Amino acid sequence: MSFHKTSATNLPFTDGEFTHIWSQATLYHIYDRHAALKEIYRVLKEGGTLLFDDLVTPKLEISATAHHYVYERLLFEPTFSQESYMKALREPGLLVEKNILPPDS
């Protein structure tokens, strides 16, 4: 096993190199999330699996306490809704097989 420190928007791997990609609470930190998803799609083997979790904005308006303890603590700008994430995943060609949140969560 090896680890590489690199840019998610310019991965130094060949097309279709990976059967599985795992990202945990990372994509919302990337400035150009669309470029990162395109790179993930590029290096993922056809039929491969991307498994990830990430923060989404559950509601447009939240309490000041929630903003302080969630958004500010995690340096998260509340901009991604579940629907916008689904669209962003599909744009480069990723197929969403399982969505664990109901649409109105």
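Of the chain's 105 residues, 27% count as buried, where buried means under 20% relative accessible area, exposed over 50% and partly exposed in between, using a 1.4 Å probe and protein chains only. This is a predicted model, so local features need pLDDT of at least 70 and side-chain atom pairs count only at pLDDT 80 or more, while totals for chains, interfaces and linings use all residues. Residues are numbered from 1 along each chain as its sequence is written, and side-chain values use heavy atoms, with hydrogens and water left out.

**Overall layout**

- You get 3 helices and 2 strands here; helices (H or I, at least four residues) and strands (E, at least two) are DSSP runs, numbered from the N terminus.
- Following the sequence, the pattern reads β-α-β-α-α.
- Among contacts in the chain with a separation of 6 or more, 70% come from residues 24 or more positions apart; contact means heavy atoms within 4.5 Å.

**The largest nonpolar core**

- A nonpolar core is a set of buried Ala, Val, Leu, Ile, Met, Phe, Trp, Tyr and Cys residues joined through side-chain atoms within 4.5 Å.
- The largest one has 17 residues, and those touching the most other members are Ile21, Leu27, Leu37, Ile40, Leu50, Leu89 and Leu94.
- Helix H1 (33-43), strand E2 (44-53) and helix H3 (82-90) are the elements that give two or more residues to this core.
- H1 supplies the largest share of this core, with 4 residues.
- Leu94 touches Leu37, Tyr41, Leu44, Leu50 and Leu89, once you set aside residues up to four places away in sequence.
- Leu50 sits in strand E2 and is buried, with a relative accessible area of 18%.

**H1 against H3**

- H1 and H3 pack at about 45°, and their axes are 9 Å apart; axes are lines fitted to C-alpha atoms, for helices over the stretch in contact, and angles run from 0 to 180 degrees between N-to-C directions.
- That makes H1 oblique to H3, given that angles under 35 degrees count as roughly parallel, over 145 as roughly antiparallel, 65 to 115 as roughly perpendicular and the rest as oblique.
- The crossing of H1 and H3 is right-handed, the label used if the near helix is turned clockwise from the far one by less than a right angle, with anticlockwise giving left-handed.
- Arg33, His34 and Leu37 of H1 make the contact with Ser84, Tyr85, Ala88 and Leu89 of H3.
- By type, the residues of this contact split into 4 nonpolar, 2 polar and 1 charged; Ala, Val, Leu, Ile, Met, Phe, Trp, Tyr, Cys and Pro count as nonpolar, Asp, Glu, Lys and Arg as charged, and the others, Gly among them, as polar.

**What is buried in H1**

- The buried residues in H1 are Arg33, Ala35, Ala36, Leu37, Glu39, Ile40 and Val43.
- Their cover includes strand E1 (18-24), E2 and H3.

**Tyr85 in H3**

- Tyr85 is found in helix H3 and is buried, with a relative accessible area of 4%.
- Leaving out neighbours within four places in sequence, Tyr85 is in contact with Leu27, Tyr28, Arg33, Phe52, Asp54, Leu55, Val56 and Phe80.
- From C-alpha to C-alpha, Tyr85 and Asp54 are 9.5 Å apart, and they are 31 residues apart in sequence.

**Partly exposed spots**

- Ala25 lies in the loop between E1 and H1, and at 32% relative accessibility it counts as partly exposed.
- Ala25 also has a positive phi of about 50° although it is not a glycine.
- For context, most residues other than glycine have a negative phi.
- Thr6 belongs to the segment before E1 and is partly exposed, with a relative accessible area of 39%.
- Thr6 is in contact with Leu11 and Pro12, leaving aside its neighbours within four places in sequence.
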